[in-house]
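The following exercises concern the reading of a single protein model. Please consult the sequence and the coordinates before turning to the solutions.

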Amino acid sequence: MNAVVDFNPLNTVQFEQVRAHYEPEFGITWLFMQPNPRPCFNRICMSELLMNQTQIEASHANPLHRPQQATNYLVLASDVEGVFNLGGDLATFKEAIEKKERSKLLEYAHLCIDNLWTFYNMQAPITTISLVKGQAMGGGFEAALSAHVLIAEKGALMGLPEVLFNLFPGMGAMSFLSRRIGLSAAEKMIRSGKVYTAEELYDMGVVDVLAESGQGEKALHDWVRKTHKSLNSFQAIQKAKQRVNPLTKQELLDITEIWVDAALRLTERNLKVMERLVRAQNTKVGDQEEAVRAAG
């Protein structure tokens with residue numbers, strides 16, 4: 001068994017929508033999302049994730065950091081049964097679009113990018129991992145893609161439904177997918193609006209580790225145990241990959257500007273399709289996949 005220790009890297013801060021656990025054997029810190037009232041990226045959930053990530057990263061430069069809580073692996077996972085994350089807060093999007101509140105949309109998008117960029121571009125020697133169980137849609141899929149290693153259970157479902165309401169995923173999908181499978185394949189996936197299985201995405205090279213259903217944590221621990229003896233090499237190769245095919249935060253921010261402008265051009269009919277997906281998010285586990293298919 002892997003020891004799990006309650007761990008709050010900010011010590012005195014009480015979080016509402018993120019639960020942190022620490023496993024000392026290999027230095028694994030888990031950040032479990034528990035957003036409410038819907039399992040999507042609201043501002044509270046994203047702010048708490050960002051606070052945890054930045055503090056964990058900064059602790060490596062702190063000489064007073066306790067060695068027993070050193071983080072070698074930072075894992076993004078979910079506490080919501082059957083859902084990794086259903087993506088952007090569509091109810092907030094819809095309201096801001098109807099009111100033509102460009103600054104509100106852009107502020108939200110920038111908070112998304114701050115999270116994804118920190119997770120992707122860790123300056124400390126920390127390997128980031130996403131563990132997807134259940135559904136990861138839209139921004140939830142984008143968050144999973146920002147990890148250095150994406151682990152998914154068989155039967156997990158991932159997709160980018162934004163095209164179904166005449167938009168596109170503007171918080172990293174094109175950038176992260178194109179660096180995994182090439183620009184043409186990334187565009188095809190984004191334009192399809194299709195829901196993919198973890199098995200399909202593994203065959204495409206999007207998912208790095210395919211776990212048996214219900215065995216995601218075991219697969220993650222097996223991967224860590226196998227990798228840990230050569231972790232320095234793995235992390236150096238990861239940095240080299242990022243240098244060969246570089247991604248900048250400015251690229252991500254520039255795309256959010258395109259996304260906001262496109263969002264403000266949506267029609268009433270487009271917003272009605274978005275509303276169907278809002279209702280799916282409100283069901284928590286209820287069926288986002290079916291809603292995506294119905295919207296298409």
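Predicted model: local features only at pLDDT ≥ 70, side-chain atom pairs only at ≥ 80, totals over all residues.

**Exercise 1.** Determine the strand order of the open sheet of four strands, and identify its edge strands.

*Solution.* Step 1: the order is β5-β7-β9-β10, and the pairing is mixed. Step 2: β5 (83-85) and β10 (195-197) each pair on one side only, which makes them the edge strands. Step 3: from one strand to the next, the twist averages 20°. Step 4: within the sheet, β7 (residues 135-137) and β9 (residues 157-159) pair in the parallel sense over three bridges. Ala136 has Met158 in β9 as its bridge partner.

**Exercise 2.** Classify Ser175 as buried or exposed, and list its contacts beyond four places in sequence.

*Solution.* Step 1: locate Ser175, which lies in helix α5 (residues 173-181). Step 2: its relative accessible area is 1%. Step 3: buried means under 20% relative accessible area; Ser175 is therefore buried. Step 4: leaving aside neighbours within four places in sequence, Ser175 contacts Leu247, Glu251, Leu252 and Ile255.

**Exercise 3.** Describe the largest nonpolar core and the surroundings of Phe93.

*Solution.* Step 1: the largest nonpolar core has 74 residues. Step 2: the residues with the most contacts inside it are Phe93, Leu105, Val132, Met158, Leu177 and Trp259. Step 3: helix α3 (residues 102-120) gives the most to this core, contributing 11 residues. Step 4: not counting residues up to four places away in sequence, Phe93 touches Gly88, Leu105, Tyr108, Met171, Trp259 and Met274. Step 5: a second, separate core has 18 residues, including Ile28, Ala77, Val149 and Trp223.

Technical notes
Residues numbered from 1 in each chain as written. Heavy atoms only, no water. Helix = DSSP H or I, 4+ residues; strand = E, 2+ residues; numbered from the N terminus. Buried < 20%, exposed > 50% of the residue type's maximum accessible area, 1.4 Å probe, protein only. Contact = heavy atoms within 4.5 Å. Pairing = 2+ DSSP bridges. Axes fitted to C-alpha atoms, helices over the stretch in contact; angles between N-to-C directions. Core = buried A, V, L, I, M, F, W, Y, C linked by side-chain atoms within 4.5 Å.
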